[in-house]
Amino acid sequence: MPEHPTVALPVLGAAPPAPPRSRLGRTLTARAVLVTCAVALVSVLVTAIVAVPIGLRGAERRDQEALAAQARLAAEVLRTRVDRGRTADEERLIRQLRAQGIDAYLIRGGAVDRPGLPPRVVQRVAEGRNVSTRRPVDGRRALIEGRTLPAGNGVVLARPVTTGLWRQVLLSLWAPLLAGLAAGVVAGLLLARRLARPIRIAASAAARLRAGDRAVRVPVEPPDEVADLATALNGLAAALATSEGRQREFLLSVSHELRTPLTAIRGYAEALADGVIEPDDAAGTGRTVLAEAEHLDRLVSDLLALARLEAADFPLEPVPVDLARLAADAEPTWAGRCAAVGVPFRIESPGGPVPAYTDPGRIRQVVDGLLENALRVVPPGAPVVLAVRPAAPDPAAGGIVEVRDGGPGFTDDDLAVAFERGALHQRYRGVRKVGSGLGLALAAGLVRRLGGEIVAGHAPEGGAAFTVRLPADPYVTRTSA
């Protein structure tokens with residue numbers, strides 16, 4: 001199992017068909033125009049509902065005040081003449097008032113000179129009290145201003161209340177309503193252009209991304225929501241570019257790893273076919289070809305396992321496992337392989353069972369892969385350690401498997417990408433012995449599928465340490481709080 005990180009390969013396929021163009025009523029521009037027109041219309045109507053009654057009351061108040069001023073003037077003119085009967089001055093005054101739509105009534109000795117005034121108004125003026133009110137006069141609602149004169153006399157002016165004012169005001173609303181709707185259309189178009197522009201830019205950028213252009217970037221500009229969208233698209237473009245770059249590097253490295261055993265197998269096969277190899281060397285040649293074929297088989301198996309790792313039907317059979325027993329079973333194989341290259345191999349175990357709940361075949365695959373990576377880079381004389389221990393005193397906490405070595409180890413930057421497929425292979429190819437770049441990625445994927453955690457760190461022996469924490473048996477009851 002090789003020693004390299006996991007970079008998820010994007011699944012490339014045919015680009016999805018472009019969505020159908022929206023109908024006019026469903027476009028952002030149309031909706032913005034409709035909304036702003038509706039806002040303008042509602043604003044005009046609300047303004048009319050609120051302002052018209054205030055305007056009507058103000059107009060009536062002004063009419064009342066004007067009528068009161070005329071009543072005071074008429075009272076001053078008639079103060080010394082009302083007892084003499086209608087004089088020419090009175091007639092002139094009354095005609096002038098009638099020309100303005102005002103009826104004048106004279107009260108002499110408590111009696112009005114002609115009918116039409118409400119009796120209550122006549123009585124109050126005759127009693128010496130001024131009157132300012134609205135009452136029906138000759139069946140029509142009117143503004144009334146009465147002023148008293150000496151000896152129970154008085155003058156009363158009445159002006160009919162203007163009718164149809166509401167209708168006139170409402171009829172006059174068409175101009176501001178039309179202006180409001182026009183303003184709504186203009187504002188909607190401007191707003192829609194402002195809102196739709198970054199969306200169109202983002203859609204164009206997404207289309208270019210779909211077409212394979214990874215250099216596309218969207219300008220980041222306010223408002224915040226648009227800036228967030230642009231930032232997200234730029235981040236997506238950068239992530240895609242990085243992912244595809246790693247994919248290309250990974251494919252190149254895998255191609256190289258596949259070509260190496262194939263080249264060896266082909267060379268020996270050609271030598272056998274040409275009769276170059278002596279019969280005495282045939283057995284050795286066969287062993288070499290077999291070893292290269294096994295190498296090729298492991299590489300292909302790792303690729304297939306990585307491809308299937310995220311599938312729902314990936315076969316896993318978790319059962320209660322004693323990690324101490326698993327380490328003991330691995331010791332004979334790895335002790336012999338390490339001794340053959342002058343590397344001390346050591347098992348660290350607490351002496352008792354280390355329970356966990358996992359798939360024994362898969363976790364042994366992880367352990368073998370980590371040990372193979374360690375053995376590949378560790379120099380002769382430096383140790384390789386397989387350690388197991390409980391995660392906590394409580395058996396329900398699970399167990400830990402750790403592989404450490406005294407090799408060159410990793411930098412802190414290496415640890416950040418240790419499980420990304422191909423990252424370490426790319427960094428150290430030609431510097432130290434490296435595998436295909438799949439091993440650590442496969443180990444990390446398997447551990448995650450088993451419900452565990454895996455981390456890379458620095459070992460006390462001076463090299464790398466890989467720590468796998470596995471879950472406990474779900475049927476084990478905790479013994480401590």
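This is a predicted model: local features need pLDDT of at least 70, side-chain atom pairs count only at pLDDT 80 or more; totals for chains, interfaces and linings use all residues.
The aromatic residues come first. The structure holds 2 aromatic pairs. One of them joins Phe-410 and Phe-466, with ring centres 6.0 Å apart and 75° between the planes, an edge-to-face arrangement. This pair links distant parts of the chain, since its members are 56 residues apart. Phe-410 sits in the loop between strand S10 (399-405) and helix H10 (412-416), while Phe-466 belongs to strand S12 (residues 464-470). Phe-410 has a relative accessible area of 11% and is therefore buried, the cut-off being under 20%. Phe-466, at 5% relative accessibility, also counts as buried.

With a relative accessible area of 16%, Phe-419 is buried. Phe-410, Phe-419 and Phe-466 together form one aromatic cluster.

Another ring has a charged neighbour. Arg-114 lies over the face of Tyr-105, at 4.0 Å from the ring centre.

The next feature is on the surface. Leu-41, Val-42, Leu-45, Val-46, Ile-49, Val-50, Ile-54 and Leu-181 form a nonpolar patch there. Together these residues have about 670 Å² of accessible area. Which element gives the most to the patch? Helix H1 (residues 28-78) does, with 7 residues. Ile-54 is one of the patch residues and is found in helix H1.

The last stop is Pro-219, in the loop between helix H5 (174-210) and helix H6 (224-274). Is Pro-219 buried, partly exposed or exposed? Its relative accessibility is 43%, so Pro-219 counts as partly exposed, a class that runs between the 20% and 50% limits. Leaving aside residues up to four places away in sequence, Pro-219 touches Ile-201 and Ala-230. The C-alpha atoms of Pro-219 and Thr-231 are separated by 8.4 Å, and the two residues are 12 residues apart along the chain.

Conventions. Residues are numbered from 1 along each chain as its sequence is written. Side-chain values use heavy atoms; hydrogens and water are left out. Helices (H or I, at least four residues) and strands (E, at least two) are DSSP runs, numbered from the N terminus. Buried means under 20% relative accessible area, exposed over 50%, partly exposed in between (1.4 Å probe, protein chains only). Contact means heavy atoms within 4.5 Å. Patches are made of residues with over 30% relative accessible area and no salt bridge: like charges are joined within 9 Å, nonpolar side chains (Val, Leu, Ile, Met, Phe, Trp, Tyr) within 5 Å. Accessible areas come from the Shrake-Rupley method with a 1.4 Å probe; for residues, only the protein chains shown count as cover. A salt bridge is a side-chain nitrogen of Lys or Arg within 4 Å of a carboxyl oxygen of Asp or Glu. Rings of Phe, Tyr and Trp (its six-membered ring) pair if their centres lie within 6.5 Å; planes under 30 degrees apart count as stacked, over 60 as edge-to-face and the rest as tilted. A charge sits over a ring if NZ of Lys or CZ of Arg is within 6 Å of the ring centre and within 35 degrees of the ring normal.
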